[in-house]
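Welcome! Here is a short briefing on how one protein chain packs its inside. Take a look at the structure first, and then we can walk through it together.

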Amino acid sequence: MSKHGNSSSVAFGNAAEIASSKRRGGSQSGLAALNAEIGFIGLGHMGMAMAANLVAAGLPVIAYVRRADQVGHLEAIGLKVTMDIGDLLDCHVVISMLPDDDALRDVVFGRSDDDLEGLAAGLMPGAIHLSMSTISTAAASLAAAEHARHGQGYVSAPVFGNPEAAKARQLFIVAAGASADVVRCQPIFDSLGQRTFVVGADPQEANLMKLLGNMMSATALEMLGEVVAVMRKRGIDPRHFIDIMTSSMFGGRVHKIYGDKIVQQAYAPGFVLPLVLKDVRLALAEAEKAGAPMPSVGVVRDRLITAIARGYGDLDWTALGLLAAEEAGLFPVTATAAR
């Protein structure tokens with residue numbers, strides 16, 4: 001695999017922090033006061049918006065892609081693009097924004113069937129893998145252990161927010177990992193989100209919080225869909241109800257943003273249902289491991305399976321409202337057009 005020389009200049013942390021930060025096995029992180037490109041793997045809707053914001057903030061980014069048809073567009077927004085993951089191995093920080101556990105394992109450990117070299121085997125000691133994906137705690141722990149075995153850092157930093165929030169740098173970031181590693185990633189967090197919550201030294205803690213947070217949103221969307229269906233069945237404009245609720249008892253972002261979308265029957269692709277179902281299954285597995293039932297999340301799982309079976313797999317999770325409307329005997333004429 002090829003490697004590249006470092007270019008541009010980005011400072012992470014300060015000299016005192018470097019001197020006091022000893023890596024496992026005695027090596028130092030070396031992220032501060034060094035010229036370094038940031039590697040990026042996972043250029044979906046979220047990842048692309050995030051990588052573009054890093055470039056806009058003046059941070060040099062080299063992005064790994066697997067399809068040649070992505071190169072032109074990514075270069076147009078200022079990314080340096082490669083189809084060789086080996087070109088990321090000189091980076092001091094590599095960000096991944098991947099869809100699931102399997103994709104993360106491939107990136108960390110490599111894949112023999114297509115000669116994909118894993119980050120853990122290729123990154124220099126002291127480099128950091130910054131995983132911003134929504135994955136299981138088991139996958140996070142496995143990745144962290146493998147990077148530690150090679151003297152590297154691993155930080156979990158999943159985000160709350162949709163692609164529009166990512167474009168606007170309005171993400172909320174939940175970070176966990178070795179304190180010095182999190183500090184060195186803070187300039188990246190500042191370029192991507194409006195607030196960072198540091199929740200502990202064990203990376204898996206951030207992933208658990210992200211999964212459970214998504215369950216609170218998913219169950220809220222299911223309930224929003226159901227109450228809007230009741231209002232429509234009674235011949236009442238649900239806009240008034242949602243306005244009252246979000247102006248009084250339920251003023252959070254989920255109810256305001258998604259309540260309005262469900263009322264408008266806006267189900268266009270965003271956080272698509274198969275990815276929501278993946279998170280639901282991961283959260284239920286975490287709950288089972290803890291011996292803590294989550295019956296309401298079980299209901300959402302079944303609703304998602306039903307919606308996907310009806311052909312709505314390419315729609316946003318607001319399509320839980322579409323399913324509720326259908327089961328109430330309402331068939332919104334704009335639902336198909338919204339796809």
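Helix α11 spans residues 253–263, and its buried residues are Tyr 258, Gly 259, Ile 262 and Val 263. Seen down the axis of α11, these buried residues fall within an arc of 140°, so they line one face of the helix. Keep in mind as you read that this is a predicted model.

**Around helix α11**

- An α-helix has 3.6 residues a turn, so residues three or four places apart point the same way.
- The cover over the buried residues of α11 includes α9 (203–233), α10 (238–246) and α14 (319–327).
- Just after α11 comes Gln 265, which takes a positive phi of about 55°.

**Strand β4 and its partners**

- Is strand β4 covered on one face or on both? Both faces of β4 (residues 93–96) are covered, with Val 93 and Ile 95 buried on one side and Val 94 and Ser 96 buried on the other.
- Strand β1 (residues 38–41) runs parallel to β4, and 4 bridges join the two.
- On the other strand of that pair, Ile 95 in β4 is the bridge partner of Phe 40.
- β4 is also joined by 4 bridges to strand β5 (residues 128–131), again in parallel.
- In β5, the residue opposite Ile 95 is Leu 130.

**Ser 131, a buried serine**

- Ser 131 is part of strand β5.
- Its relative accessibility is 0%, so Ser 131 counts as buried, the cut-off being under 20%.
- Which residues does Ser 131 contact, leaving aside its neighbours within four places in sequence? They are Ser 96, Leu 104, Tyr 154, Val 155, Ser 156, Ala 157 and Pro 158.

**The nonpolar cores**

- In soluble globular proteins, nonpolar side chains tend to be buried together.
- The largest nonpolar core here has 34 residues, and those touching the most other members are Phe 40, Met 50, Ile 95, Leu 130, Met 132 and Phe 189.
- The elements giving two or more residues to this core are β1, α2 (45–56), β2 (61–64), β4, β5, α7 (163–167), β8 (171–176) and α8 (179–192).
- Leaving aside neighbours within four places in sequence, Met 50 is in contact with Phe 40, Met 97, Met 132, Ala 166, Leu 171 and Leu 192.
- Another core, of 29 residues, lies apart from the largest one, and its members include Leu 211, Tyr 258, Leu 273 and Leu 315.

Methods. Residues are numbered from 1 along each chain as its sequence is written. This is a predicted model: local features need pLDDT of at least 70, side-chain atom pairs count only at pLDDT 80 or more; totals for chains, interfaces and linings use all residues. Side-chain values use heavy atoms; hydrogens and water are left out. Buried means under 20% relative accessible area, exposed over 50%, partly exposed in between (1.4 Å probe, protein chains only). The arc is that of the directions from the helix axis to the C-beta atoms. Contact means heavy atoms within 4.5 Å. Two strands pair if DSSP finds at least two bridges between them. A nonpolar core is a set of buried Ala, Val, Leu, Ile, Met, Phe, Trp, Tyr and Cys residues joined through side-chain atoms within 4.5 Å.
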